[in-house]
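Please read the points with the coordinates open.

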Amino acid sequence: MTTQAPQDASPSRELLSDLFPGARLIVATNRAPFRLKTGVGGQPIWERPAGGVTAALDPLLRQTGGLWVAAEPGNPQELRVPPEDPSYDVAVLGIPKEVYRGYYTGYANSGLWPLCHNLVERAHFRSSDWVAYRQVNRQYAARIAAEARATDLVWVHDYQLALVPGYLRQFGYEGPIAVFWHIPWPPTVVLRLIPERKLLLQGLLEADWIGFQTQESVDAFLAAAKRDLGARSSRSSQGVTLHHQGHVTRLASVPISIDVQHVEDIARTEYTENLRQRLQRRWQIGPDQVLLLGVDRLDYTKGIPARLDGFARLLSRYPSLKGKVRFLQIAVPTRTEIQDYRRLAAAVRRRVAAINRSFGEPGWRPVRLIEHNLRLEQLVALYRLADVAVVSSLYDVLNLVAKEYVAARIEGGGSLCLSETAGAYQELRAAFPLSPLSSERIAESMARAIFASPAERRERMAALRDAVRRNTVETWLSRVLLGVRGSLDQLSGLKETPV
Ligand code: G6P
């Protein structure tokens, strides 16, 4: 079944050509939106990696066209995607395996990722990883600089690619550069633990515009640029601007979102409804049964162990729920070369087995763990089947699963338990809140969702749906494009007042 966005509406394409006439959009991310493998019989197999960044950008590129640059260990690939209706190009840089390990497993995911999530004890910085990180960032910049004209728009994403803007300028690219930082920017006291923080900041400040998910991240970045680089700042009605070595960079807080319409369209298909019914029969979910659902990458920032503990508490506290309630956890493996991730996977499996051993009865297995990636159509069917979605991330700067669940509930059913520390909670206040490190609070939140009256559930879901529809991926993109345009126009003379 195909999942392309509706072809008749292209507001993103129109906006891009209004604000940047003649520009080609060149996007750089670590992950490619598609991967092409060869099956045993030689047939092509398309894969889509999991992750919020690619999920958010793919629908945009389908509209605007352009080039998406990504990296993989091994051989390079040049693709036209999506396979069912090609509309943009993907250049996958082939990186030697050892170098990729230093860049991705090492610097990006054993260093920056835990540190930016304030998990300082998990973070390690090795000089050899830094060399690899620089090398891969340079390779991205070289590839982009070879293609980009000054009238194009280069848009660099996330912590894996912080040095790309700086290298692009070194390669002589003078056109606009936007950066979007998808994860938290850490407070200065934590940032100071990164040995190369000044070089990271300098690289980023060669961009014209940097977007973050929260105002807290903007403020932390501003403080770091002032303190570590001596950058000056000014404020206008459009936000904060940093001045550093003759270059001007505007900062903005613009939380990302999902393609709401696309999820709703999938939710309406017969395919989704049939799949929902099939799953309901296969798992024997009767009318008096309650299904709770968690969907995450298997990452320690997602709070999966405490969530399972919360479910176990729910079962001990409410014996009446025995035989009636089940928890389905989709946990997509990621970064498995890193020991912390392998340990987490083992801990999750152990907990699932322990809960099933202690509480299970013939015909009732309380927890089911699925450890692989699902297609969006399959997820939407699950979202529509689950009575309660549980998102209990410790420090997730946004969380798109929460928004996808709400978008999938077109008929207004279902409930969401959401961590107060997930960025999405700022918008989704009608969720049942939970405190992610307390299994008692998690159990309480689950119980509130399960025992709430149908009227309360509907009212909350209606408010959640309003919130999700107010800020879609289209809204996000327009705010980004307007921000970048504003930042460039400022160079030609907007008045600013020093902070
Ligand atoms: C987060 C990051 C992305 C990353 C994704 C998946 O959403 O912000 O940059 O691509 O996780 O992680 P992975 O390491 O599996 O690509």
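1. The buried residues of α12 pack against α3, α11 (304-317) and β15 (367-370). Contact means heavy atoms within 4.5 Å; buried means under 20% relative accessible area, exposed over 50%, and partly exposed in between (1.4 Å probe, protein chains only). Helices (H or I, at least four residues) and strands (E, at least two) are DSSP runs, numbered from the N terminus.

2. This is a predicted model, in which local features need pLDDT of at least 70 and side-chain atom pairs count only at pLDDT 80 or more, while totals for chains, interfaces and linings use all residues. Residues are numbered from 1 along each chain as its sequence is written, and side-chain values use heavy atoms, with hydrogens and water left out.

3. The buried set of α12 consists of Tyr 341, Leu 344, Ala 345, Ala 347, Val 348, Val 352, Ile 355, Asn 356 and Phe 359. Because these residues cover an arc of only 165° around the axis (taken from the directions from the helix axis to the C-beta atoms), they lie on the same side of α12. Arg 343, Arg 350, Arg 357 and Ser 358 are exposed on the other side of α12.

4. Beyond neighbours up to four places away in sequence, Phe 221 touches residues including Trp 185, Leu 201, Phe 212 and Leu 251.
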